[in-house]
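This is a short briefing on one protein structure. The sequence and the model come first, and the notes follow.

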Amino acid sequence: MSKNIRESTTSNPAVGSAEVATEVRRQEVLLKTGALQNAILNSANFSIIATDEKGIIQLFNIGAERMLGYLAAEVVNKINPSDIHDPQEVMARAQALSLELATPITPGFEALAFKASRGIEDSYELTYIRKDGSRFPAIVSITALRDDYGDILGYLLIGTDNSVRKQVELELNKAMAVAEKANLAKSDFLSSMSHELRTPLSAILGFAQLMESGTPSPTISQKRSIDQILKAGWYLLELINEILDLALIESGKLPISLEPISLVEVAHECQSMIEPQAQKRDIRMAFPRFETPYFVMADRTRVKQVLINLLSNAIKYNKAGGTVVVDCIASAPGRIRISVKDSGEGLTPDKLTQLFQPFNRLGKETGIEEGTGIGLMVSKRLVELMQGEIGVESTVGVGSVFWIELNLTAEPQHAAAGLTATAPAQVHADGRLRTLLYVEDNPANLMLVEDLIARRPDIRLLSASDGNRGIEMARASRPDVILMDINLPGVSGIQALKILRADPATAHIPVVALSANAIPRDIEKGLAAGFFRYLTKPIKVDKFMDTLDVVLKYAETQPARANSEEKA
């Protein structure tokens, strides 16, 4: 006990006793603090390195010895921490910090301590090099040690071995690469399957449409047979599309483009598409008048797909002479509900729980109505991708109400300003014969287009069976329009398009893709490559002819045409 404490105790026993207790507590705290410091410094799980203000190592704990293989005596007062880092990484850090902080920083310890010396919290990830030359990734936190006046006394570096985390990241990256490769393989398979299935369907449906609209008109018996061919063909195409959509949704590859769309326009388009089906079954349809011009944030194509699916089901599973009522109401703030109510037999609670399951037709497999049990599942996923909701209410013997809810949005400016109606394309006012070059290697597809163009006396058809020959003919004949398959021998349709675009003599010619590659990824890739339009097989005759009119009208406006004709 000190002399002062003894004297104080003698003169005032009460005060002396308190001071003694305080001193004892202080000594205990110091002992605990020292024990804690020793525990930290002697930790084998962290490397703790302290340096002087110049960066020379002054303390090298047990953890640092274990991680780096040096004894403290081998490094203290001899080297600085940058000497046990990968020199290339230290140099790269110096260059990066020089750019970040707009000041030159020298490779070496300054690159490690610069931020800490400026009072900036710093933690970095670099490679430590052990005494035996082996390496391991480490995460290091560096702090400046300062005296009471704020002057730097040195630096404290605390590091941890990051090898396990790096190994986990490496394994995760490998797994992700394998998964991505599998996804790409799946996408390629889907694209290939789509192409192989659509190619023969194109001939079946194309020629059936030709026979249906041919001259002389088919007999009643022939018409009945053609109707069956078309019905089965379009159903098969619908099945292919639904399976591809489901596969793309499951793989997360289905593109969704959310934008303001007019619910009024979409409803009218769906009405015109579905009413012929309803009339054939004597089903009365009722659509809302839309006194308010609602706009929703959604993908226009996918909203139509979902509504057509719900409407088609409401017609297929309705009673003879039944009704389908479409309604549209604001269901919640910022949301709108579109409902489709039928007068069918309704669904039991047990069947309601099985809805939206793929390939589950709720016992209708043996019925006369065609279906796959995929449509509702796809519709549900599509609505959810558009940040919406789908549901159903049903009463046995009364009917069902299927509904979707979507997010309302403001009317876009271009819609508010009003769109001027476009006049139908007036083709070939001068009576000049137009030339269409078709590049196609499949004889059946070529024959189909030949028969279609034979109905257009204003168009002359040329054909080429591969990409290289198509390029040669385009340069020689300067056609008004080129119709291009994608999968061609020699060069692909996309490669041929690039070559034509690069040639001043053919760069102005609009090129329309006509391909059985019909998944969204293929269509986007084709349009991005520069095709004027992208038509998919099987051909829909009306759409094909309409596209021809549009592209021929466009071709007449190209200024390069006159130059090309003068050169020719």
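The notes below cover a sheet, a surface patch, salt bridges and the surroundings of one aspartate.

The model is predicted: local features need pLDDT of at least 70, side-chain atom pairs count only at pLDDT 80 or more, and totals for chains, interfaces and linings use all residues. Residues are numbered from 1 along each chain as its sequence is written, and side-chain values use heavy atoms, with hydrogens and water left out.

**The sheet and its helix**

- Five strands form an open sheet in the order β2-β1-β5-β4-β3, with antiparallel pairing. Strands are DSSP runs of E with at least two residues, helices are runs of H or I with at least four, and both are numbered from the N terminus; two strands pair if DSSP finds at least two bridges between them.
- β2 (57-60) and β3 (122-129) are the edge strands, and each has a single partner strand, so one side of each has no neighbour in the sheet.
- From one strand to the next, the twist averages 30°. Angles run from 0 to 180 degrees between N-to-C directions, and axes are lines fitted to C-alpha atoms, for helices over the stretch in contact.
- β1 (residues 47-52) pairs with β2 in the antiparallel sense over 3 bridges. Phe60 in β2 is the bridge partner of Ile49.
- Helix α6 (residues 109-117) packs on the sheet and touches β1, β3, β4 (135-146) and β5 (152-161). The direction of α6 makes about 45° with that of β4. Contact means heavy atoms within 4.5 Å.

**A nonpolar surface patch**

- Ile204, Met211 and Ile229 make up a nonpolar patch on the surface, with about 260 Å² of accessible area together. Patch residues have over 30% relative accessible area and no salt bridge; nonpolar side chains (Val, Leu, Ile, Met, Phe, Trp, Tyr) are joined within 5 Å, like charges within 9 Å.
- Accessible areas come from the Shrake-Rupley method with a 1.4 Å probe, and for residues only the protein chains shown count as cover.
- Met211 belongs to helix α7 (residues 163-212) and is partly exposed, at 45% relative accessible area. Buried means under 20%, exposed over 50%, and partly exposed in between (1.4 Å probe, protein chains only).

**Salt bridges**

- The whole structure holds 24 salt bridges, each defined as a side-chain nitrogen of Lys or Arg within 4 Å of a carboxyl oxygen of Asp or Glu.
- Glu212 and Lys223 form one of 4.0 Å, N to O. Glu212 is in helix α7 and Lys223 in helix α8 (residues 220-250), 11 residues apart. Glu212 is partly exposed at 33% relative accessibility, and Lys223 is partly exposed at 31%.
- Glu556 and Arg434 meet at 3.0 Å, N to O. Glu556 lies in helix α18 (residues 541-556) and Arg434 in strand β13 (residues 434-439), so this pair ties together parts 122 residues apart in sequence. Glu556 is partly exposed at 29% relative accessibility, whereas Arg434 is buried at 3%.
- Arg456 and Asp458 form a salt bridge of 3.1 Å, N to O; Arg456 is buried, with a relative accessible area of 13%.
- Arg335, Arg337, Glu389, Glu393 and Glu405 are linked in a salt-bridge network.

**Around Asp327**

- Asp327 sits in strand β9 (residues 323-332) and is partly exposed, with a relative accessible area of 36%.
- Beyond its neighbours within four places in sequence, Asp327 contacts Pro288, Arg337, Ile338 and Ser339.
- Asp327 and Ser339 are 12 residues apart in sequence and 5.2 Å apart in space, C-alpha to C-alpha.
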